[in-house]
Amino acid sequence: GAVFDVRTGEEAFALPGPNCCASPSSRGVSWSPDGRLVAVSSEGTARVWDAETGTVQYTLLGHSGFILSVAWSPDSSRLVTGSSDGTAKVWEIGSDGVRERWSLSAQETKSGIVGVAFSPDGSRVMAGDANLSAVRVWDLGPTGDAEWANLPAPGYPGAEFMPDGRRLVTSSWKGGVEQNAEAPRAVTIWDLQTG
């Protein structure tokens, strides 16, 4: 992986690392909303790069499998990582360093997590399992890591919160693989309060 200057087309800096930006590649790299940091998956770690200097700011250790997806909270203070080890980890990112805040998992996610996202207000986190059978939503409120919703929905290649935070959009290929152009596709909008 690499970061490019879109004005010149020149490479600003490389994002080296074992299996950098792991598949699905669109989920393995994420720019922080404030533009200061770039998070990149790399085997059992994620690296957070300083976008100004092109240097590694933090290395996130704790997953026992490949990190398949990364996503920032809207205020850029937290990062969620989804791994083949079946956990989604929420990390606190600050000027004083990085620390693991929550480790989230469920029966459905034991196969691995292929997609993660924060709600627009940063209070909830979503994870889609690798078996394409469920999307879990956890509440990150004062009590922490309380399961808020469990949707029988495939979340691959993606699932995202809508701007109102009450609804979730999931997309999937039904009965086919990503490269199969003939496979039926589906986009579903879920109301998280009613299911």
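Over how many bridges do strand β9 and β10 pair in the antiparallel sense? Select residues 88–94, which form β9, and then β10: the two are joined by seven bridges. Pairing here requires that DSSP finds at least two bridges between two strands, and a strand is a DSSP run of E of at least two residues, numbered from the N terminus.

This is a predicted model, in which local features need pLDDT of at least 70 and side-chain atom pairs count only at pLDDT 80 or more, while totals for chains, interfaces and linings use all residues. Residues are numbered from 1 along each chain as its sequence is written, and side-chain values use heavy atoms, without hydrogens and water.

Show the whole chain. It has 17 strands and zero helices. Of its 195 residues, 48% are buried, meaning under 20% relative accessible area with a 1.4 Å probe, protein chains only.

Next, select the open sheet of four strands, β7-β8-β9-β10 in that order, with antiparallel pairing. β7 (67–72) and β10 (97–104) are at the edges with a single partner strand each, so one side of each has no neighbour in the sheet. Within β10, pick E100, the bridge partner of W91.

Now select V80, A88, V90, L104, V116, V125 and L140, which touch the most other members of the 14-residue largest nonpolar core. Such a core is a set of buried Ala, Val, Leu, Ile, Met, Phe, Trp, Tyr and Cys residues joined through side-chain atoms within 4.5 Å. β11 gives the largest share of this core, three residues.

Last, go to another core, lying apart, with 12 residues including V48, Y58, W91 and I93.

How values were computed. Buried means under 20% relative accessible area, exposed over 50%, partly exposed in between (1.4 Å probe, protein chains only).
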